[in-house]
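Notebook open, structure loaded. I want to look up the salt bridges and one of the pockets.

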Amino acid sequence: LSDFIISSILLILMIIFGSFLIKSVSGEVRRREETEKLVNELKKANEKLKQLDEQKSEFVSIASHQLRTPLTAIKGYTSMLVEGTYGNVSNQAKDVISKIFQSSQRLVYIVNDMLDVSRIEEGRLKYSFEDVKIANLVKDVTDELRVNADLKKLKFSFSAESGSSDVIINADYGKIRQAIINIIDNSIKYTDMGFVLISLKKTKEGNNIVLNIKDSGIGMTKDQQKSIFEKFKRSKNAIKTHTEGSGLGLYVAKEI
């Protein structure tokens, strides 16, 4: 009798355990089927997003190319007007024309950044390396951007420490120039009063050359510092100070 009771209890326990096990297995099978379904749906969504991203990049590239031509013409003609190619222009008119020139120049920078972003995303940003005297390049950039600093009455200077003026680097001239323009222009843009100081110096070991850009701008928090080199990221201070920024300049500079 005791053996029968024990066997019966074991049988009941086995049945209960078996039913739980069957439920667990069937639930696991159902979850796997649902997971596979979700994975397939995600794959389709990712493919769609990829196609949309490619179309977006293609659109940005085409739009940027189309914008580049008229902007170049605007820059060229306004520059010629200021220089007096088409006759004497009053000082008042020159001021207005100069503002048009500066606005078109800023648009050219944005268009170049947009083109580079689309090339970076598509993995087709090409470099053509050559020997570049870095001090001359930085001086050209500062000369070009000086008018922006002068309009804001900033102290704007460039200095090359002894031994750095003749340093030659191997780089893509156009790309490294654009990266430096983006960083210096960023300093001017977000500095309303004070200074933007640019210097070039060799490291103590002499193996590297350092371009240092120091400004008295609006600054940012440590949290904001972590994201400023990301695409379309701008700090709250920057948005309040300069609403027209694209959030691409530093991203492109870092990628280059």
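I'm working from a predicted model, where local features need pLDDT of at least 70, side-chain atom pairs count only at pLDDT 80 or more, and totals for chains, interfaces and linings use all residues. Residues are numbered from 1 along each chain as its sequence is written, and side-chain values use heavy atoms, without hydrogens or water.

Salt bridges. I searched the whole structure and got seven, counting a side-chain nitrogen of Lys or Arg within 4 Å of a carboxyl oxygen of Asp or Glu.

Glutamate 28 and arginine 32 pair up with their closest N and O atoms 3.7 Å apart. They sit four residues apart in helix H1 (residues 2–83), so about one helical turn separates them. Helices are DSSP runs of H or I, at least four residues; strands are runs of E, at least two.

Next I looked up lysine 133 and aspartate 166, which meet at 3.8 Å, N to O. Lysine 133 is in strand S1 (residues 129–133) and aspartate 166 in the loop between strand S2 (155–160) and strand S3 (168–172), so the bridge ties together parts 33 residues apart in sequence.

I put the second largest pocket at about 200 Å³, a pocket being an open set of points on a 1 Å grid (1.4 Å probe) with protein on both sides within 12 Å along at least five of seven lines, and lining residues having an atom within 4 Å of a point. Of its 14 lining residues, Arg68, Asn112, Asp116, Gly174 and Gln178 are closest to the centre. Helix H2 (91–122) and helix H4 (173–189) each supply at least two lining residues.

Terms used: Points joined across faces, edges and corners; volume = space filled by probe spheres on them.
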